[in-house]
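Welcome, and thanks for taking a look.

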Amino acid sequence: MTAIAVLGLGAMGSRMAANLLKAGHAVTVWNRSPDAADALVATGATLAATPREAAQGASIVLSMVRDDIASNGVWLDPEHGAFGGMLSDSLAIECSTLSPRWIKALGEAANEAGIRLIDAPVSGSRPQAEAAQLVFLVGGDEADVAFARGVLSNMGSSIQHVGPLGAGTLVKLTTNAMLGVQVTALAELFGILAKSGVSLKVAFDAVGATAVSSVAAQRSVDLMVAGTFEPQFPVALIEKDLRYLVNVAGSPAAAPTIDAARKVFGTGIDQGFGEQNMTSVVQVFAADFPFGQ
């Protein structure tokens, strides 16, 4: 049994914490809105008032939050940040999808505090998190990754050590860019086909039988046709990830396809789809389509 703190109990963090409890670990949790911890506390978790309090006595402190700003707050807040409560031999694991620039800065802060850090963002959404089938894309020192491997395996089915600190974050952004470009292209094609009077199901089933399709593409199309936009990967989050990757590239001109996809998701946010699933951007191109009918 390992003493673990989980910071951030959104759709992913809450499910990850639940699997750590199922594996028999002593789990302390923190969330900006404490009510999010109720179900976990009922099954054995301890609720802390601050990230610093959650980190006290933990061998591993894991964060799953929305963006760079939230990550900065949970780790480095002068009064409540987790680094202020961590033991010198404990390990910080940043599982959030963040910018490589911030991971580098967080690594420098960890070194100054005498704390070990790895970045381990995940591929997968709510169903995979619930089933402990996440894929961890890990960057960091080999010994630190080995120390974390057993705990990560309680939440995921694959642990991919892809390089030094920050490599996991860059690979995760790469993965999300491939997905985001695909989704926006499918949304555009959906709009073209819908206006042409072609049966969307027949058309995309036929495309799905060819080598150009993928499991992710077919899943996205199925959600579009059904008009099922309950959030698994919200528009606002994938727009944020593509924005981070364009910044890594240096300019929109250096990543024009990725930036074009980012702009489509940005339009979705402007039209009120920001907290819906990423596939909801199909409504940008097929606003009059009778989704779900």
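Predicted model: local features only at pLDDT ≥ 70, side-chain atom pairs only at ≥ 80, totals over all residues.

Residues are numbered from 1 along each chain as its sequence is written, and side-chain values use heavy atoms, leaving out hydrogens and water.

N31 sits in the loop between β2 (26-30) and α2 (38-42). Not counting residues up to four places away in sequence, N31 touches G8, L9, G10 and A36 (contact means heavy atoms within 4.5 Å).

T97 belongs to the loop between β5 (91-94) and α5 (100-113). Its side chain and that of K172 are joined by a polar contact of 2.6 Å. Beyond its neighbours within four places in sequence, T97 is in contact with residues including R66, P121, L173 and Y244.

Here is how the two compare for burial (buried means under 20% relative accessible area, with a 1.4 Å probe and protein chains only):

| Residue | Relative accessible area | State |
|---|---|---|
| T97 | 12% | buried |
| N31 | 15% | buried |

Now to the helices. The axes of α11 (residues 235-249) and α12 (residues 256-270) come within 9 Å and cross at roughly 150°, so α11 is roughly antiparallel to α12 (angles over 145 degrees count as such). Among the contacting residues are L242 and V246 of α11, and F265 and I269 of α12.

Note on methods. Axes fitted to C-alpha atoms, helices over the stretch in contact; angles between N-to-C directions. Helix = DSSP H or I, 4+ residues; strand = E, 2+ residues; numbered from the N terminus. Parallel < 35°, antiparallel > 145°, perpendicular 65-115°, else oblique. Buried < 20%, exposed > 50% of the residue type's maximum accessible area, 1.4 Å probe, protein only. Polar contact = N/O pair within 3.5 Å; in protein donor to acceptor, adjacent residues only side chain to side chain.
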